[in-house]
2 protein chains.
Amino acid sequence: MVAEPFAKVIDGKSMVKQIREEISAEAAKLKEAIEVVPRLAVILVGDRMDSFTYVWNKKKACESVRIKSFEYNSDFNCDPSVHGILVQLPLPSHINEQNILNVVTIKKDVDGFHPLNIGRLAMRGREPLFGPCTPKGCIELLHRYGVDIKRKRVIFIGWSNIVGMPTALLLQREDATVTIVHSRTKNPEEITRQENIIIFAMGQPNMVRGSRIKLGSIIINVRINPIEDASSPRRYQLVGDVCYDKACKIAMVVTPVPRGVSPMTIALLLSNMVSSIKREFYPFDSSYTWGNLLVYFAG
Amino acid sequence: MVAEPFAKVIDGKSMVKQIREEISAEAAKLKEAIEVVPRLAVILVGDRMDSFTYVWNKKKACESVRIKSFEYNSDFNCDPSVHGILVQLPLPSHINEQNILNVVTIKKDVDGFHPLNIGRLAMRGREPLFGPCTPKGCIELLHRYGVDIKRKRVIFIGWSNIVGMPTALLLQREDATVTIVHSRTKNPEEITRQENIIIFAMGQPNMVRGSRIKLGSIIINVRINPIEDASSPRRYQLVGDVCYDKACKIAMVVTPVPRGVSPMTIALLLSNMVSSIKREFYPFDSSYTWGNLLVYFAG
């Protein structure tokens, strides 16, 4: 039995700090070279508290790397001073999400949710204009922590349009051997117990305890779940799908919640913004493609 | 040890005969109701013998269900008398496949290869206008043989834009738990030996012998591989990725090659042609959607 925590905890925050510095330097170079400041349009409908918080965090992140963001409405698709359009999901239930998402031009779809971007992501030999931010964040995080996923078996838990499906497609592009476990999978623990790299995006707080994961595995907690906590001043705390304390004692690498994948998501949004401008102004420079965060910041 | 063949062999040919009869009746009804005969445009470039054969087979299949097909060139996208456009792949190497496929309007993309169709296929809550024919053929074949895939673990061997990827997406929509094994997977036999439903689409003749599959499993052979055979009048024979004789002794259900999945592919193309017209003339009848072959022919 292993009693003491021994997992290496992924420090999403300092990783993101480094990425933001790289993006900030890129944005500064762009401003000097072509006098363009990246501008992100955020479409926020309704009054959900969590959506306000997400938008606020994205706004602050943009400011930190000299990207402008704003929320008033205009014809963002045609406005040449807007380089990215983000529809904060979920929309209020009386609004058809598909109809709204479909009108965002693929050229400014910095969230990467347009079906044409998803289709290209799925197809070998094709490239989306933008990769979805959370999936790219997961992969980037694994890369930067030196976790080799090529030829490795990876289990992804939770199928969704925003995270599960595009992450599976990205992992596939990286030559991982992917199994997708979802809410209707029979005996999921039979699968999770066997494998070394598991990405959890189910949205069930502390669903997985130690017994379901393998000694020495790599555990990525994507979803952030609020649970009641009378002892906290906010009356709640945020936890992952995997019980963090238990995972720390068993896993080799584990991402904390909330400071693991979520700051990476926002960092990748910023990176998509910079890519949007580079594609427009340097269309023949192939180093500015959607998937090459590592390569592209290496130079 | 099991010595005698005991697998139930899937009779693709008689299954297809039944489907074609159903489609033929549908086409006849359409002709009577709206005086429209489905027309398929086939774009064939170059002189590959296998492509000629495939096109010839599709043409004969169309004729058998009163769908017209033709090959001369015009502006197929705008021609209202054309209901489906099919680009026979692969194209000669000097032609950019992507550029050709991209110009086929999604409304006539009866092969389902347009990235927008693939993107919608990947996304829950979205529907492609057409599902790719071979993947739909595999699923239809399993359904019609009474193989329940919901909540079952399914292994797909071989990732490709035409078969592997869209089949994995379709299986996912059917709530199967999918693992994709590909050419870079380490120790694939460890995975194949464990599971009950395995779809092979690798393109390696007789790659899998009996020892790698489980007693009582369900084996779908998608790819057709020619191998030299001096004893055959044609000097070659067609085999699957799984050695058929061996599989027959170990599997519970097995598809033969060439008469298993390949006739289903063509049958599903015919079905997509009929759907194309129904969508145009009965846009509000939701029973004519891309995925409902069973439901749609039940009435």
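In chain B, strand β7 and strand β8 (residues 218-221) run parallel and are joined by 4 bridges. Strands here are DSSP E runs of at least two residues, helices are H or I runs of at least four, and both are numbered from the N terminus. Two strands count as paired if DSSP finds at least two bridges between them. Within this pair, B:I199 stands opposite B:I220 of β8(B).

A word on the source. This is a predicted model, in which local features need pLDDT of at least 70 and side-chain atom pairs count only at pLDDT 80 or more, while totals for chains, interfaces and linings use all residues. Residues are numbered from 1 along each chain as its sequence is written, chains are lettered from A and ligands numbered from 1 in the order in which they are written, and side-chain values use heavy atoms, with hydrogens and water left out.

Back to β7(B). Strand β5 of chain B (residues 153-157) also runs parallel to β7(B), again through 4 bridges. There, B:F156 has B:I199 as its bridge partner.

What covers the faces of β7(B), residues 197-200? Both faces are covered, with B:I197 and B:I199 buried on one side and B:I198 and B:F200 buried on the other. Buried means under 20% relative accessible area, exposed over 50%, and partly exposed in between, with a 1.4 Å probe and protein chains only. In a regular strand the side chains alternate between the two faces of the sheet.

Next, the core. The largest nonpolar core has 120 residues, and A:I220, B:L171 and B:I220 touch the most other members. Such a core is a set of buried Ala, Val, Leu, Ile, Met, Phe, Trp, Tyr and Cys residues joined through side-chain atoms within 4.5 Å. Leaving out residues up to four places away in sequence, A:I220 touches, among others, A:I10, A:C138, A:I199, A:F200 and A:V261; contact means heavy atoms within 4.5 Å.

Now a sheet in chain A. It is open, with 3 strands in the order β3-β2-β4 and parallel pairing. β3 (68-70) and β4 (84-87) are at the edges with a single partner strand each, so one side of each has no neighbour in the sheet. The twist from one strand to the next averages 20 degrees, taking axes as lines fitted to C-alpha atoms, for helices over the stretch in contact, and angles from 0 to 180 degrees between N-to-C directions. Strand β2 (residues 39-43) is joined to β4(A) by 4 bridges, and A:L40 stands opposite A:G84.
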